[in-house]
Amino acid sequence: MTTSRSALSPATRLVTAGRPEPGPDVPVNPPVTFTSTFHGGGDVGYGRYGNPTWSALEDVIGDLEGGVARVFASGLAASSAIVSLLPEGATVVAPTAAYLGVIEQLQERASAGRLTLRQVPVDDTAAVKAALDGADVLWLESPTNPMLEVADLLTCIAAARTVGARVVVDNTFATPLLQRPLDLGADFVMHSATKLMSGHSDVVMGAVVARDPDLIDRIEGHRKLHGAIPGPMEAFLVLRGLRTLAVRLERAAATTADLATRLPTHPAIAKVRYPGFGTMISIELHGGAAAADRFTDALRLWVFATSLGGVESSLERRRRWPSELDSVPESLVRMSVGLEDPDDLWADLAQALDTLT
Ligand SMILES: *Cc1c(COP(=O)(O)O)cnc(C)c1O
């Protein structure tokens with residue numbers, strides 16, 4: 001008896017999708033195909049056009065998001081491919097604060113006079129709706145990086161569709177296990193697979209997912225022509241990371257919820273930003289940048305590093321980057337919760353916070 005794939009839960013499909021058809025001595029895992037070219041007469045032809053290891057990974061990501069996925073060399077290569085499809089002169093509604101590189105790609109086009117950018121706080125649904133008047137594209141990220149604002153995706157996407165705007169959602173922080181924007185009517189989902197999807201801080205990769213075959217063709221055309229392709233080994237590493245995404249996310253999210261209840265009890269902390277789900281928390285400390293730097297210096301277990309979504313818990317004061325937005329508080333420390341024991345994580349945070357009081 002066979003079970004249709006869509007009847008299986010995402011946790012199961014993470015394990016079963018993207019595998020070779022079973023048969024005697026067929027490998028259980030897709031091989032890593034290291035080749036720049038393929039014998040002629042087939043569908044792929046050349047290593048910039050396709051690779052069987054990418055295809056296996058694209059099967060899993062597409063299956064999870066409920067669309068067709070194309071992988072890219074990085075999350076920013078993925079967003080850049082979507083930006084390249086924006087019509088000349090388009091009006092784009094985008095978050096005030098979101099992943100900086102994505103916003104900078106939009107701003108770069110805006111300053112070249114190629115689009116009109118309207119930035120709004122995405123957790124203010126009324127502001128998003130008001131900005132949509134005459135817009136061509138709504139670009140959302142939720143929760144946002146690093147402020148962890150949550151957009152009402154259902155309402156915002158529906159409002160965009162009412163005015164005929166295309167919708168892009170950066171789903172990096174939530175992952176398709178927590179929200180599936182294509183189901184809500186989005187046209188594109190993008191990911192930095194560098195983060196939770198790969199989950200081990202050992203690879204940089206991105207993905208675009210869509211349902212409309214024309215949009216997929218155009219995204220794939222962009223990848224072929226501009227060449228921001230992932231390596232086969234990187235594709236294998238993300239695929240391997242995805243196999244455990246459900247358990248990693250479940251464990252890290254439980255620890256995050258636990259820390260979100262403990263952190264506000266400490267007097268050194270001015271504010272805790274926690275969306276109520278996921279593996280990220282941002283805190284603000286009394287005493288500004290200096291206090292935040294003393295806090296991160298005093299930690300022993302938490303890794304002081306940029307990026308997020310790895311098995312190791314990591315954090316950073318975002319404004320240490322000169323390019324970070326002024327609207328991000330100086331003392332804001334963005335924390336990515338990993339798989340260590342929650343009590344060990346809390347003990348380290350508490351001893352470092354104690355140095356401030
Ligand atoms: C990291 C990140 C990106 C960029 O992805 P890279 O893989 O670093 O190029 C885009 N969006 C979000 C939300 C991110 O966290």
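Residues are numbered from 1 along each chain as its sequence is written, and side-chain values use heavy atoms, with hydrogens and water left out. In this predicted model, local features need pLDDT of at least 70 and side-chain atom pairs count only at pLDDT 80 or more, whereas totals for chains, interfaces and linings use all residues.

The ligand sits in the largest pocket, a pocket being, on a 1 Å grid over the protein atoms alone, an open set of points where a 1.4 Å probe fits, with protein on both sides within 12 Å along at least five of seven lines; a molecule is taken to sit there if more than half of its atoms lie within 2 Å of the grid points. Around the ligand there are 14 residues, of which L76, D170, S192, T194 and K195 come nearest, a residue being counted as near if one of its heavy atoms lies within 4 Å. By class, this shell has five nonpolar, six polar and three charged residues, where Ala, Val, Leu, Ile, Met, Phe, Trp, Tyr, Cys and Pro count as nonpolar, Asp, Glu, Lys and Arg as charged, and the others, Gly among them, as polar.

An N or O atom in the side chain of D170 is 2.7 Å from a nitrogen atom of the ligand, and an N or O atom in the side chain of K195 is 2.7 Å from an oxygen atom of the ligand. From G75, a backbone N or O atom lies 2.9 Å from a ligand oxygen atom. Of the 380 Å² of accessible area that the ligand has on its own, the protein covers 93% (Shrake-Rupley method, 1.4 Å probe).

Elsewhere, five strands form an open sheet of mixed pairing in the order β8-β9-β12-β11-β10; strands are DSSP runs (E, at least two residues), as are helices (H or I, at least four), numbered from the N terminus, and two strands pair if DSSP finds at least two bridges between them. β8 (269-273) and β10 (303-304) stand at the edges with a single partner strand each, so one side of each is left without a neighbour in the sheet. β8 pairs with β9 (residues 280-285) in the antiparallel sense over four bridges, and V272 stands opposite I283 in β9.

Two cis peptide bonds are noted here, one joining S142 and P143 with omega of about -10°, the other running from N145 to P146 with omega near 0°. P143 lies in the loop between β4 (137-141) and α6 (153-162), and P146 lies in the loop between β4 and α6. D25, although not a glycine, has a positive phi of about 65°, and D25 is found in the loop between α1 (10-16) and α2 (52-65).

How values were computed
Polar contact = N/O pair within 3.5 Å; in protein donor to acceptor, adjacent residues only side chain to side chain. 1 Å grid on protein atoms, 1.4 Å probe; cavity = no way out; pocket = protein on both sides within 12 Å on 5 of 7 lines; lining within 4 Å.
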